[in-house]
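Visitor: I would like to learn how to read a few features of a structure. Please take them one at a time.

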Amino acid sequence: MKRFAVPAAVLALCGAAILSVLAQDKPAGGEAAAPAAAAASAPAEVICFESRKGATEITQREIKPGLPNVKCSPTTGAALWYADPYEGTVPMGKMPQMEAIPEGLAVVKPRSEKLNLLAQCGTACHNGTYPVGFPKTNRPVPIPTMEALLPDAKNLQHGRGRVWCLDCHHNTKRNMLVDHYGDPISIDQSQLLCGKCHGDKLRDWRDGIHGKRIGDFTSTGKKRWFTCTECHNPHNVQDGARNKGFIQLQPETPPQLPRGFKDAAFEKTHAIPQH
């Protein structure tokens, strides 16, 4: 028995060592699987558009447990309701004929951070000077580099051939817009630029007839004003396939009737006065 006891002990020790090494090399089942399982069970990120698909988007998140910052339409993907309509906004800035609105009660949401090329426009390519060979007047000329970067610029659908880049963009501060006096305008205050030519639309926007506004709808409440380029792409506003530049929105389903109502006859209790 003694003859077999020593080899058996050696074999047992070797087996234990091998099992120990294998145990070290093998990932701990629970530790490795946990992150993957957590990732698989995490809810998918919900991003909905606010006024123009691909231009103004907001990511859904919880402000507090059970309360999302925005609710998105399952039909169209549009933002339907906001828990915080002022998220990411800044004061609108000075607007002609809006001086009576206290600062901070009219806010806008900057788009500049969403424009990938904007930072380079004012630094790498147009840092306050004219690139060699770049035209210094407003007369249109082909610019292959710009056409390659911005396909919309090659077939500009705005102004019926009478508008060119430098009518809207500052000639040396290319990350800014320009007013009638040649002064720069923030890219986030597009209403100041568009109002140069579209005075009637600016007036309607200012009066609340045109455009979109959310927030506190009391007369003196704080509101977020959607600016022109949040709804309109300024480079293709005359594209016929886009219904005169404004992309047709998919309609939402009609709202549900209040519980217990068979039809919408109750709306007649608020009859429109006949004059």
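**A loop glycine and the cysteines**

Guide: Gly 182 lies in the loop between β9 (177-178) and β10 (184-185). Strands (E, at least two residues) are DSSP runs, numbered from the N terminus. This is a predicted model, in which local features need pLDDT of at least 70 and side-chain atom pairs count only at pLDDT 80 or more, while totals for chains, interfaces and linings use all residues. Residues are numbered from 1 along each chain as its sequence is written, and side-chain values use heavy atoms, with hydrogens and water left out.

Visitor: Is Gly 182 buried or exposed, or partly exposed?

Guide: Buried means under 20% relative accessible area, exposed over 50%, and partly exposed in between (1.4 Å probe, protein chains only). Gly 182 has a relative accessible area of 36%, so Gly 182 is partly exposed.

Visitor: Which cysteines does a disulfide join?

Guide: A disulfide is a covalent bond between the sulfur atoms of two cysteines. Here the term is applied to a pair of cysteine sulfur atoms within 2.5 Å. The structure holds one disulfide, and it joins Cys 48 to Cys 72, with 2.4 Å from S to S. This pair links distant parts of the chain, as Cys 48 is in strand β1 (residues 47-49) and Cys 72 in strand β5 (residues 70-72), 24 residues apart. Cys 48 is buried at 1% relative accessibility, and Cys 72 is buried at 19%.

Terms used: Helices (H or I, at least four residues) and strands (E, at least two) are DSSP runs, numbered from the N terminus.
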